[in-house]
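Student: I've got a new structure to look at. Please walk me through it, one piece at a time.

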Amino acid sequence: MSRAQVLEADWIWTGRAFESGLRLAVDEAGRIEAVGRLDRTATRRLPGRALLPGFVNAHSHAFQRGLRGHGERFPEGAGSFWIWREAMYGLVESLDPERCRSLCVQAFREMLAAGITTVGEFHYLHHGGAGADFGLDQAVRDAAREAGIRLVLLEAYYRTGGIGAPLGPAQRRFETAGLEAYWAQMDRLAATLDPARESLGAVAHSIRAATPDEIGALHAEAARRGIVFHIHVEEQRREIEESLAAYGRRPMALLNERWGEASNVTAVHCT
């Protein structure tokens with residue numbers, strides 16, 4: 001069934017402003033092929049509506065949809081990120097690939113319903129069980145395809161449980177054994193991408209999960225490959241205190257020293 005049509009709404013966002021009197025042509029594949037004062041008859045009128053491009057959710061942990069209503073019920077003044085994180089770890093330990101896929105489908109469909117058409121999935125829950133199977137990487141990809149959302153899989157490097165600390169039991173499912181293992185998985189993912197619906201970005205989860213040298217090496221290789229780089233920075237006061245104790249610098253200052261200019265970096269929770 002062809003999806004070709006010409007839409008005419010009261011306003012269309014052009015990149016500069018909302019303008020009236022414009023039409024938008026969609027081709028048989030459902031892609032926008034032209035916007036403007038087209039000499040083509042509108043096949044569908046949308047009165048009282050404005051058309052604009054789909055939104056991008058640049059930072060998602062879709063599996064955490066399973067936490068809704070379960071991770072924030074604390075006595076007044078008793079809650080914290082670290083208590084919430086224990087609830088998140090409980091969810092992690094309960095998930096198999098099918099349940100992970102189901103939760104991600106639910107989250108992605110809710111995004112689409114809100115007008116989000118592309119998601120940057122900051123993905124650190126890699127393994128379906130014991131061992132480095134990276135099975136949940138595929139679960140997220142399958143969920144995006146089922147929901148119909150464009151996916152930027154932001155594949156997270158996660159090697160330590162804190163600055164100088166080993167991984168905890170639940171964090172084993174996040175583990176990347178080292179830089180070589182990380183880029184090997186990235187190459188496996190890249191070989192099977194559907195360019196129309198998927199792309200990759202590199203991630204160091206945080207300075208809690210990777211050393212400054214590892215973060216520097218990840219960023220340099222991401223830049224060499226021409227892909228984006230994301231990292232959690234200064235998410236929590238404790239993280240800042242531990243960075244000052246270990247390195248004599250706050251995380252952002254430390255990373256600025258290592259990177260210099262870093263136009264391809266998205267710093268998340270940079271408070």
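Student: How do α2 and α3 sit to each other?
Tutor: α2 and α3 are oblique to each other (angles under 35 degrees count as roughly parallel, over 145 as roughly antiparallel, 65 to 115 as roughly perpendicular, the rest as oblique). This is a predicted model: local features need pLDDT of at least 70, side-chain atom pairs need 80 or more, and totals for chains, interfaces and linings use all residues. Numbering starts from 1 along each chain as its sequence is written, and side-chain values use heavy atoms, without hydrogens or water.

Student: At what angle do the axes of α2 and α3 cross?
Tutor: Roughly 40°. The axes of α2 (residues 97–113) and α3 (residues 135–147) come within 8 Å. Axes are lines fitted to C-alpha atoms, for helices over the stretch in contact, and angles run from 0 to 180 degrees between N-to-C directions. Helices are DSSP runs (H or I, at least four residues; strands are E, at least two), numbered from the N terminus.

Student: Which residues of α2 and α3 meet?
Tutor: From α2, they include P97, C104 and F108. From α3, they include L136, V140 and A143. Contact means heavy atoms within 4.5 Å.

Student: What classes of residue are in that contact of α2 with α3?
Tutor: 12 are nonpolar, 4 are charged and none is polar. Ala, Val, Leu, Ile, Met, Phe, Trp, Tyr, Cys and Pro count as nonpolar, Asp, Glu, Lys and Arg as charged, the others, Gly among them, as polar.

Student: New topic. Where is Q64?
Tutor: In the loop between β6 (55–60) and α1 (81–94).

Student: Is Q64 buried or exposed, and why?
Tutor: Buried, because its relative accessibility is 16% (buried is under 20%, exposed over 50%, partly exposed in between, with a 1.4 Å probe and protein chains only).

Student: What is Q64 in contact with?
Tutor: W84, M88, L91 and Y124, leaving aside neighbours within four places in sequence.

Student: What about A190?
Tutor: A190 is in α4 (residues 179–191). At 42% relative accessibility, A190 is partly exposed. L200 is 10 residues away from A190 in sequence, and their C-alpha atoms are 7.3 Å apart.

Student: Last one. How do α5 and α7 pack?
Tutor: α5 (residues 212–225) and α7 (residues 251–259) pack at about 50°, with axes 10 Å apart. That makes α5 oblique to α7. P212, D213, I215 and H219 of α5 meet L254, L255, R258 and W259 of α7.
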